[in-house]
Amino acid sequence: MAPVVGKANPFLASMLWRRIKLRSIVGGRLFHSPAQSPAGDPEAATMAGKKFLETFTEEFEIGSRKISLETGKIARFANGSVVLAMEETKVLSTVTSAKSDGSRDFLPLTVDYQEKQFAQGVIPNTFMRREGAPKERELLCGRIIDRPIRPLFPAGFYHDVQVMASVLSSDGKQDPDVLAANATSAALMLSDIPWGGPIGVVRIGRICGQFIVNPSMDELSLSDLNLVYACTNDKTLMIDVHAREVSEKDLEAALRLAHPEAVKYIEPQMRLAAKAGKKKKEYTLSMVSKETYEKVRNLAESPIRDVFTDPTYGKFERGEALDNITKDIKKILEEESDEEGLKFLPKTVDTVRKKVVRGRIIGEGLRVDGRRLDEVRPVHCEAGNLPVLHGSSLFSRGDTQVLCTVTLGAPGEAQRLDSLVGPSSKRFMLHYSFPPFSINEVGKKVGLNRREVGHGTLAEKALVAVLPPEEDFPYTVRVNSEVMASDGSTSMASVCAGSMALMDAGIPLREHVAGLSVGLVSETDPSTGEITDYRIVTDILGLEDHLGDMDFKIAGTRNGVTAIQLDIKPAGIPLDIICESLEPAYKGRLQILDHMEREINVPRTQDGRNSPRILNLKYSNDAIRRLIGPLGALKRKIEEETGGRISVNDGSLTIVAKNQSVLDKLLEKIDFIVGREIEKGGVYKGVVSSIKEYGAFVEFNGGQQGLLHISELSHEPVSRVSDVLSVGQVVNLMCIGLDVRGNINLSLKATLPGGGSKTYSAVKEQTPMKSKPVNNVQEKQEKEKKDDKSTSGSVDGLSPIVIRSAAECDEEEKSAALRKTPKAKSPIDAKTLKIGMELTGKVHQIRAHGLVLDLGGDLRGMYRFENGSKRDFEVGDEMRVKCYSFSTKGVPVMSLVQQ
């Protein structure tokens, strides 16, 4: 084989042998080639230099919490990056920007918020052991960051901007969402992106009437207010509220406390930006020239005004007319070859339309649809429109229409939450859906939509405040809100429809909840940006939302506010205007509540329709193991056969059935497998396991054996047991007692009608009272009867026939009447209750306009307060009432009986 001639490796040839310790073999000896360093230290030449990271920090205190802002150590390549820490919770926020290609006419701002499980020292419990798609909470926290920073970007800035906020560590004491929003504001201040900040974001809670700034998660669980407030130095940017019927006066006090506390975040950001911030770059803004705007305005203003002054136009007719105006102007610009005008034509026409609509509202007080500024659109309410479901309702306000359905489930079906803070599950869910057909468009339904998640959560927060406590109502509740038509504020329509659907499902809500949206149209001074004139608009349309300055969604009961969401378009609105908007929102909410209460004002009773049933049973762990079976196979089989669901807890079973018939099937299966306490007189279902000459042995009640004697087979004589029973036959039997050895004796004939047989009862038998003989003939008959019983040992005997005079009969009837024990009346129900019937009811709930009465037998009635009537009732008070009518939904209406 020819030798291989290798070329010299230039890399090896250029290496300095003195810089590398090589082991060489020469003459069979192993040695190190000499290595020397000019400094005399052989390791000094191989050591890397130490890099020093220049960091900048600002520390301050808000609401007894120490907070720090730090930059320069982490994410140094980002345009701006800040780590905000409060105690042991740290959040990193970064911002980056890209150049625009000039094809957009909007700001492509993306906000991503991430909560990875490493922040609390946990490995994700997923198959891949890593985080997947954004969770619902992450989308909601991203909206908390997005909503206050978006209005502060300059007009015409259409460059891509991305915000990424990540939780680095969490001690579970603080919610990181507010920290992420403040860190994002600081990162934008450090970057070269043009932005009109900084902003401050703060959370306010209230416990026992005392407001708390930056409350911990434990404090929030006790608080009746969760307010997130964002602002600049002098204007409000964003409000998000979850409350338990907080009055408008208390809410205004919380807002006025939150503003100065949020401003405390601004000064440290300014100091940090002065030390480490970048110089703002000169970005190209896509702005329409004054000449092009005036040209398009002269062509479009008059026909647009004609469209908005014509009351015959509806939503889609108005949109079609505006499209035709745009097409006509486009033809003119094409003839003139005006490229700039064609490029900015849609944006310019929209600006002219905005000016026309806003000018009519401020100058003339006229809205798009001709309503007054404080007028609510016509309302239509319908509850129980889908009777097969657990609960349903249809709510329409103007052209906006929402269908809500309610589904009840077992406690084990509660949604599991995988978040760093907050509860691990929730039993009330509201899922909002906005299909494309609701606005007559074509589109795809893919994945979680940020807008749908946000609107659904707002409606969920509004309704959860009036739900009964879990110990009184253990169901898991899911509300589906399906938008059928949209023309403004579908989230508030979901609140109204959801409240009616919950009552239709029989859920005892404390009060009805309604909501509507309040808008703002203002004029500003171009030189200072201050508002010179404004109008507050109640129940805004979709177009008024688009062309206005504010979308202020407020939901609540007659007693107070339960949820708020404020979004604005300008760079802030004075807090005084925000507080002024609470009053018209309250008046409009009362109008809607009147319509809802006329449709349904008390929860439906659990009548014979398809209302679900839930039952909690206590069993030993051995019995539960028998019911579940190997790997849960027996439990799944029972659920498949019956259609019900079984949830297993420690020592208890929770059974949820679609209706009463399904519940009966479930209980029958469970009793057969697990069994229940044997009672004399109880009826059980069993299977004949063996047949003997003297009777049959029956397996029942979870594997127990009982003897069915041949004498207990039928009222008629039976010669052979096999003539009546066969092995494997399923029969209903009554327990008639235990023999001397403790064996269970069963009877078949006791469950059969007729035959004059003795009847066994689970209740204690009462010995009938015997009257004293009234003459010698009766005394003699009684003596003979006793002698006959003593000699024959018979249990049942025939009553003697006694001939009495008329006077003796009258005396006997009187004495019998005195001895007669009154029978317990059967509980009243909806079928037996008649108009004019008097009965005693207990106060079950106290409402604003009357009482909900417990009439017994799961029957509820209502009593309306009258002028001058007594109003100092308490829950549990008994009162004598009389049924004088029924409502349209079959609820009995009661009146007080004068004592």
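Helix 18 (residues 660-673) lies across strand 24, strand 25 and strand 26, and runs at about 145 degrees to strand 26. Helices (H or I, at least four residues) and strands (E, at least two) are DSSP runs, numbered from the N terminus. Axes are lines fitted to C-alpha atoms, for helices over the stretch in contact (heavy atoms within 4.5 Å), with angles from 0 to 180 degrees between N-to-C directions.

This is a predicted model, where local features need pLDDT of at least 70, side-chain atom pairs count only at pLDDT 80 or more, and totals for chains, interfaces and linings use all residues. Residues are numbered from 1 along each chain as its sequence is written, and side-chain values use heavy atoms, leaving out hydrogens and water.

The three strands make an open, antiparallel sheet in the order 24-26-25; strands pair if DSSP finds at least two bridges between them. Strand 24 (613-618) and strand 25 (645-649) are at the edges with a single partner strand each, so one side of each has no neighbour in the sheet. From one strand to the next, the twist averages 20 degrees.

Six bridges join strand 24 to strand 26 (residues 652-657). Arg613 has Ala657 in strand 26 as its bridge partner.

## Rings that meet

Now to the aromatic side chains. Rings of Phe, Tyr and Trp (its six-membered ring) pair if their centres lie within 6.5 Å; planes under 30 degrees apart are stacked, over 60 edge-to-face and the rest tilted. Phe153 and Phe157 are stacked, at 6.0 Å centre to centre and 5 degrees between the planes. Both are buried (under 20% relative accessible area; exposed is over 50%, partly exposed in between; 1.4 Å probe, protein chains only). Together with Tyr283, Phe153 and Phe157 form one aromatic cluster.
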